[in-house]
Structures are given as C-alpha cells and as structure tokens.
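Q: I am new to this structure and would like a close look at a single part of it, the nonpolar core. Could you walk me through what surrounds that part as well?

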Amino acid sequence: MKHFFAIVLAAVCCMALSVPALAQGMEPITPYFTHIKSAKGNMTISSSGTAKVTGGMSIAKGDTCEIIATIEQEIDGSWQEVKTFTVSADRTSTTISKSKALYKGYSYRCVFQFNVYEGGTLMESYEAITDEKWY
C-alpha cells in the first residue's frame with residue numbers, strides 16, 4: 001500500500017512540475033532591458049505609395065539613443081534594402097519620422113533597430129520588424 005501511494009505521489013509531483021511547459025494561452029516572453037525603457041516603430045503606406053516611418057524610444061540608462069529604420073522590399077522571396085534612416089540624440093529619448101516613395105507591386109516592411117550607447121560603447125540593442133504591407 002505504501003508503494004502505491006509513493007507512486008501516486010511521484011506522479012502528481014511530476015505533473016505539477018510539468019504544468020508550466022504545457023500551459024496554453026500564455027503571454028509571449030518579454031525581453032528584460034536594463035537601458036531601454038521603451039521602444040516602438042511603425043510604417044504606413046499611403047494610397048499614393050509614400051511610406052511613412054515613425055517611432056520613438058526612451059532610455060533609463062546611457063547617454064545616447066539611436067534609432068535605425070530600414071525600409072525593405074521583398075523581391076523573389078528575399079528582403080532587399082530600399083532606404084535606411086538614422087537618428088541619434090545625446091539625451092534620454094528620440095523620435096523618428098521619415099518618408100520614402102515606393103514602387104507599386106511589392107511587399108514592404110520596416111526593420112527598426114534601437115540602440116543605447118554609454119561613452120561611445122553600445123550597451124543595449126533591440127530589433128523590431130513591422131508586419132508586411134503590400135503596395
């Protein structure tokens with residue numbers, strides 16, 4: 001009888017330990033940053049084919065923040081660079097707002113890279129990619 005209870009107890013413990021791995025509907029893992037406080041970017045395409053890239057970031061630590069936004073065009077299944085914009089500021093926040101005319105008949109996206117520097121040394125970096133947009 002003791003052997004039976006030991007097996008049941010062992011099975012319950014194993015199931016209890018495996019629940020987090022089996023959980024459904026969990027939130028995606030959010031990266032933990034020590035220098036970047038917030039970072040976001042967006043790209044819209046007007047009906048006339050002008051891409052507008054906007055974004056911003058703020059930092060908790062560091063002396064310079066930088067946003068690099070690269071518009072990419074999908075050609076034959078691979079992403080090709082169309083235009084890269086860079087803004088940098090020696091303060092705790094910066095924003096970007098740039099435009100570029102696009103060619104019709106392609107899929108586009110924007111790759112954002114958010115960087116934090118301290119004394120000229122890169123301390124933290126985060127990359128975000130927008131959803132594909134057709135024009």
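A: The accessible surface of the chain comes to about 9000 Å², and 56% of that belongs to carbon and sulfur atoms; such areas come from the Shrake-Rupley method with a 1.4 Å probe, and for residues only the protein chains shown count as cover. This is a predicted model, where local features need pLDDT of at least 70 and side-chain atom pairs count only at pLDDT 80 or more, while totals for chains, interfaces and linings use all residues. Residues are numbered from 1 along each chain as its sequence is written, and side-chain values use heavy atoms, with hydrogens and water left out.

Along the sequence, the pattern reads α-β-β-β-β-β-β-β-β.

Now to the core itself. A nonpolar core is a set of buried Ala, Val, Leu, Ile, Met, Phe, Trp, Tyr and Cys residues joined through side-chain atoms within 4.5 Å. The largest one here has 20 residues, and Met57, Ile71 and Phe112 have the most contacts inside it. Strands S1 (36-45), S2 (50-59), S3 (64-75), S4 (78-89) and S6 (107-118) each supply at least two residues of this core, and S6 gives the most, with 5 residues.

Let's stop at Phe112. Contact means heavy atoms within 4.5 Å. Leaving aside neighbours within four places in sequence, Phe112 touches residues including Gly41, Val53, Ile67, Ile96 and Tyr126.

Arg109 is also in strand S6, and Arg109 is buried, with a relative accessible area of 17%. The side chains of Arg109 and Glu72 are joined by a polar contact of 2.8 Å, that is, a pair of N or O atoms within 3.5 Å; within protein, one must be able to donate a hydrogen and the other to accept it, and residues adjacent in sequence count only if both atoms are side-chain atoms.

Two of the core's strands also belong to a sheet: S1, S2 and S5 form an open, antiparallel sheet in the order S1-S2-S5. S1 and S5 (93-101) stand at the edges with a single partner strand each, so one side of each is left without a neighbour in the sheet. Two strands pair if DSSP finds at least two bridges between them; S1 and S2 pair over 9 bridges.

Conventions
Buried means under 20% relative accessible area, exposed over 50%, partly exposed in between (1.4 Å probe, protein chains only). Helices (H or I, at least four residues) and strands (E, at least two) are DSSP runs, numbered from the N terminus.
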